[in-house]
Amino acid sequence: MPSNQEKRMPFTKTATKFAMTASVAALVASTAGASSHREAPGITEQPKVDATDFYMFRSYEPGREDYVTFIANYIPLQAPYGGPNYFTMDPDAIYEIHIDNDGDAVEDVTFQFDFENTLAMDGAGIALEIGDATVAIPLRTAGPITGAADDPLNEMESYTLKKIMGDRRSGEASMVTGDGGNTSFTKPLDYVGTKTLPDYEGYANSLIHDVSIPGCEAPGKVFVGQRAEAFAVNLGEIFDLVNLVPLEGSIENDRSNDDLVDRFNVTSLALEVPISCVTGDGNGVIGAWTTASLPQGEVEDPSPTYASTSVYGGAFVQQSRLSNPLVNEVVIGLPDKDLFNAAEPTQDSALATYVTNPTLPALIDILFRDALGATSNIAPSNLPRQDLVTAFLTGFPGVNQLATVTPSEMMRLNTAIPVTPRDAQSPFGVVAEDLAGFPNGRRPGDDTVDIALRVVMGALCHPVPLGAELGIEGAVEDTDTDLVNLGLCAPEDAPVGNAPFIDGAPISAAELQNAFPYLNTPLPGATN
């Protein structure tokens, strides 16, 4: 096994070659559909540690503009009626959000969530007298839940939150605290239904915790609980060999095409932190990603109990990793998908073979050359794809590029760029001149699928409506049209780069909440 030092070695020449095309991975992946659902063989066996989406943006709730919100979603494709156990987090795992604020692709700050599940009645569970026997009930609650102290909740979930400075395993750790110095926070019961939870929103909102974060001058917020899926995608059609013509006018842009929103829930780990607490001594740009890890060893217990079905031991081993959407689904080869989930950003060069020759543009050419009326290859020819490198691997100079540039697969956010209010946000983010949006971080209302489809097919090779804000060397602005050629590639490199690619499943910030934790109330398992 490589040492920690070896794991964090700077990029070699091979890694640099990878860096020039790894953003293809991020972008190609984003076009494939659901952000990170069941993307690797190993993670299908561990759905409780499967990261599905990662959001990072400057808070746009009115009055909270001095904060950054991180939302790490886990446990994919939660059917609202998925009882009787629903979707608890894994108490043997740790879930982490890592932040790099100096540009070396190594975490400087980590927020670590650790969960505990307990039964009522001191671990025995709620029981009923049935004849002459006392028998434990099979459900997670024995009656309606309102948030009161005497609620008949049979299984409780709680968690602690640590802030770790430096290395995630050996750095300086301190506890995040709530009211009165409390270090344990409650996670609400999943939305079983309207009879069990007659006021789910009020109940869940009462479990949004104000917290004191060591080293931060102002308090933050944390919430962990079920939320409605917010990632819009035509999932079934996309994975059926892109069984649609992905152009405006060829497919209706309508919610009925969406396979996730209004159908499934996720579990969100939402954290709001003062900007000054995460930027360090850098230039105000941060990079971030989320991971989940389990202990290295597991032995199945032949006589399992509620408290323990297996015995775990050894060092924590990373099981999942996510920043930009869908790197692992459609870029990394099947033999190495689990390896990618286990890798740190500084190790990505080991997978260079899979990303130096991206296949999605070629696949779109095979499937849609005739439909688009083209007579020759429509895949962008500017290899290596410097346009994608800028968008997803290094960031745009003057926008979301860290002071030190280490090409790596992480999400980047310039915390100095002003917030765009919810109702003024463009779902197309930066390419629509809304600089507070994707790929400058990612907000819940950013339509990352449509953005990625257009950029992977060469949108940045054509003049784009970015005004003069980016200040990219070589960019030329047309004063008559206010369009800018970014100088990253030429229009002739991308024959269909200005085509209006869509997947037919729209999303907008107006559909989502305008306050922390931003994602909507989850769908109930039943209504009454």
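D480 is exposed, at a relative accessible area of 71%, where exposed means over 50%, buried under 20% and partly exposed in between, with a 1.4 Å probe and protein chains only. This residue sits in the loop between β16 (476–478) and β17 (483–485); strands are DSSP runs of E with at least two residues, helices are runs of H or I with at least four, and both are numbered from the N terminus. The model is predicted: local features need pLDDT of at least 70, side-chain atom pairs count only at pLDDT 80 or more, and totals for chains, interfaces and linings use all residues. Residues are numbered from 1 along each chain as its sequence is written, and side-chain values use heavy atoms, with hydrogens and water left out.

D480 belongs to a negative surface patch together with E433, E477, D478 and D482. Patches consist of residues with over 30% relative accessible area and no salt bridge, like charges being joined within 9 Å and nonpolar side chains (Val, Leu, Ile, Met, Phe, Trp, Tyr) within 5 Å. A salt bridge here is a side-chain nitrogen of Lys or Arg within 4 Å of a carboxyl oxygen of Asp or Glu.

A nonpolar patch on the surface is formed by L241, L363, I366 and L367, with about 380 Å² of accessible area together; such areas come from the Shrake-Rupley method with a 1.4 Å probe. Of these residues, I366 lies in helix α8 (residues 360–368) and is exposed, with a relative accessible area of 67%.

Which elements are largely enclosed by the rest of the structure? Strand β11 (residues 220–228) is one, because nine of its nine residues are buried. Helix α10 (residues 448–456) is another, for nine of its nine residues are buried as well. Among the buried residues of α10 are the charged-type side chains D450 and R454. Just after α10, G458 takes a positive phi of about 105 degrees.

Strand β11 also has pairing partners, two strands being paired if DSSP finds at least two bridges between them. Strand β10 (residues 209–211) runs antiparallel to β11 and is joined to it by three bridges, with V211 bridged to G220. Strand β12 (residues 265–274) is likewise antiparallel to β11, through eight bridges; here Q226 has T267 as its bridge partner.

Another antiparallel pair is β5 (residues 127–130) and β6 (residues 133–136), joined by four bridges. L128 stands opposite V135 in β6. Two residues lie between the strands of this hairpin, where G131 takes a positive phi near 65 degrees.

Key
The place of a charge is taken as NZ of Lys, CZ of Arg, CG of Asp or CD of Glu.
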